Amino acid sequence: MPQVIPTPVAYPMALIFGGLGLYMLLRRHGPNLWIGVRLPWTCADRDIWDKSWRLAAMFLLGMGVSILLSAKLFFIAVAHLIILGILYPVFLYRRKYGTLRYWKGQGWIDYRPMARCARCGHFQKLASYADLGRGACEACGAKLPEPRAGLRASWPLGAKKDRNFIK
Ligand SMILES: [Zn+2]
């Protein structure tokens, strides 16, 4: 018999985690102070923010379901949320910009990306993630890495009409 979390604890928690996961799967907000995977690398790149948001939503939903089934499953889901929730954006960022460096603007969540030139290794501040692929390296003139296709136009359904959708 697997160890089960007592129902007076499990039911409200399942509602909170599952509800938040479901909400996050159906809605999407841009970087903000309250909700989402708030890391410098996600705040610096809207596409990585969106992908991390979706991953966290699925793990939260997993937490909501697993807490009703067994304590062990629940802790596995929590560990996934914490570990993969951090590793995933870090991996995406490193692949995209060639570095984990970022720089900080004025506001609380105003993190901006920095790209590493593949040819000479020069680190260059970008005004926004949308600048990747547009500019050239300041040191050697090589083209900066090409941006990869994002999630934003396709998810969630009707994202283009979403008033939270920021161009
Ligand atoms: Zn260069």
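This is a predicted model: local features need pLDDT of at least 70, side-chain atom pairs count only at pLDDT 80 or more; totals for chains, interfaces and linings use all residues.
## The chain at a glance

Let's start with the parts list. The chain has four helices and three strands. Reading from the N terminus, they come in the order α-α-α-α-β-β-β.

How much of the chain is tucked away? Of its 167 residues, 26% are buried.

## Helix 1 by itself

Helix 1 covers residues 7-26. With 20 residues, helix 1 spans 27 Å from first C-alpha to last, which is close to the 28 Å you'd expect at 1.5 Å a residue.

Four of the residues in helix 1 are buried: Ala14, Phe17, Gly21 and Met24. And what do these buried residues pack against? Their partner is helix 3.

## How helix 1 meets helix 3

Helix 3 runs over residues 46-69, and its axis lies 7 Å from that of helix 1, at an angle of about 155 degrees. Because that angle is over 145 degrees, the two helices count as roughly antiparallel. The crossing of helix 1 past helix 3 is left-handed.

On the helix 1 side, the contact is built from Ala10, Met13, Ala14, Phe17, Gly18, Leu20, Gly21, Leu22, Met24 and Leu25. Helix 3 answers with Trp53, Ala56, Ala57, Met58, Leu60, Leu61, Met63, Gly64, Val65, Ile67 and Leu68. Sorted by class, that gives 18 nonpolar residues, three polar ones and no charged ones. Ala14, Phe17, Gly21 and Met24, the buried residues of helix 1, are all on the contact list too.

Leu100 sits in the loop that joins helix 4 (71-97) to strand 1 (102-104).

For comparison, a residue needs 20 or more to count as buried, and 12 or fewer to count as exposed.

Which residues does Leu100 touch, leaving aside those up to four places away in sequence? The list is Trp41, Val90, Tyr93 and Arg94. Pro40 is worth a look as well: Leu100 and Pro40 are 60 residues apart in sequence, yet their C-alpha atoms are 9.6 Å apart in space.

How values were computed:
Residues are numbered from 1 along each chain as its sequence is written. Axes are lines fitted to C-alpha atoms, for helices over the stretch in contact, and angles run from 0 to 180 degrees between N-to-C directions. Angles under 35 degrees count as roughly parallel, over 145 as roughly antiparallel, 65 to 115 as roughly perpendicular and the rest as oblique. A crossing is left-handed if the near helix is turned anticlockwise from the far one by less than a right angle, and right-handed if clockwise. Two residues are in contact if their C-beta atoms, placed from the backbone, lie within 7 Å. Ala, Val, Leu, Ile, Met, Phe, Trp, Tyr, Cys and Pro count as nonpolar, Asp, Glu, Lys and Arg as charged, and the others, Gly among them, as polar. The expected span of a helix is 1.5 Å times one less than its number of residues. A residue is buried if 20 or more other C-beta atoms lie within 10 Å of its own, exposed if 12 or fewer, and partly exposed in between; C-beta atoms are placed from the backbone.
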